[in-house]
Amino acid sequence: MRDHGGGIAMCFAQIGVPVTVLEIKQDYLDRGMGVIQGNWKRSLKKGKITKKTLKKWNECLKGTTSYSDLSDCDIVIEAVFESMKVKEDVFTKLDNVCKPSCILASNTSSLDLDQIASFTRRPDKVVGCHFFSPTNVMQLLENVRGKKTSASTIATVQAMGKMIKKVPVLVGNCWGFVGNRMLGSYGDECNHLLTEARA
């Protein structure tokens, strides 16, 4: 489980929403769940949460290595690395196992959401949910609408963002969306400053 996946899981468990975390290997899952536990135990040690709260959060968290355990989920948020080939494999499997009403969200930060949606038979239920790192801390959530994303799917992820105490903004499908596209421009200007010997 990468940092984003664990952070996303924490956001939901911390408000009492049951979360199933999927990994491809048990050792990856154990490592990821260990990171979550480490974060929560540090909060406990600092007095930010109680043992009762920690217990409640842990009761909301379940790990698995089987896609079939996602069959009854209302929303699945994919957080694999930025490879369209990997996204295709994941979304094809999710589309086959998840119930028809399930929303399939991608945490992609720059890939074409419409292409990701094309890997499924439910493009109206495919949406981008781009969390910023560290996911359990940063408040911004870019919800990305594709050409076929339905109004109800958009409304659901916008409400979901508020529910997990994020600031959801709705953006269109383009390279980098808004956050990373702006970041690219900042980076370019930094390079210009360096090459002009002004920084």
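In what order do the elements of the protein chain run from the N terminus on?

**View 1. Element order and surface of the predicted chain.** The elements follow the order α-β-α-α-β-β-α-β-α-β-β-α-β-α from the N terminus on, with seven helices and seven strands in the protein chain. Helices (H or I, at least four residues) and strands (E, at least two) are DSSP runs, numbered from the N terminus. This is a predicted model, in which local features need pLDDT of at least 70, side-chain atom pairs count only at pLDDT 80 or more, and totals for chains, interfaces and linings use all residues. Residues are numbered from 1 along each chain as its sequence is written, and side-chain values use heavy atoms, with hydrogens and water left out. The protein chain exposes about 11000 Å², of which carbon and sulfur atoms supply 55% (Shrake-Rupley method, 1.4 Å probe).

**View 2. The largest nonpolar core.** This core has 28 residues, and Phe12, Trp40, Leu61 and Cys129 have the most contacts inside it. A nonpolar core is a set of buried Ala, Val, Leu, Ile, Met, Phe, Trp, Tyr and Cys residues joined through side-chain atoms within 4.5 Å; buried means under 20% relative accessible area (1.4 Å probe, protein chains only). Among the elements that give two or more residues to this core are α1 (3-13), α2 (26-45) and β5 (126-131). The most comes from α1, with six residues.

**View 3. Surroundings of Phe12.** Not counting residues up to four places away in sequence, Phe12 touches Val17, Val19, Ile77, Met160, Met163 and Ile164 (contact: heavy atoms within 4.5 Å).

Methods: Buried means under 20% relative accessible area, exposed over 50%, partly exposed in between (1.4 Å probe, protein chains only).
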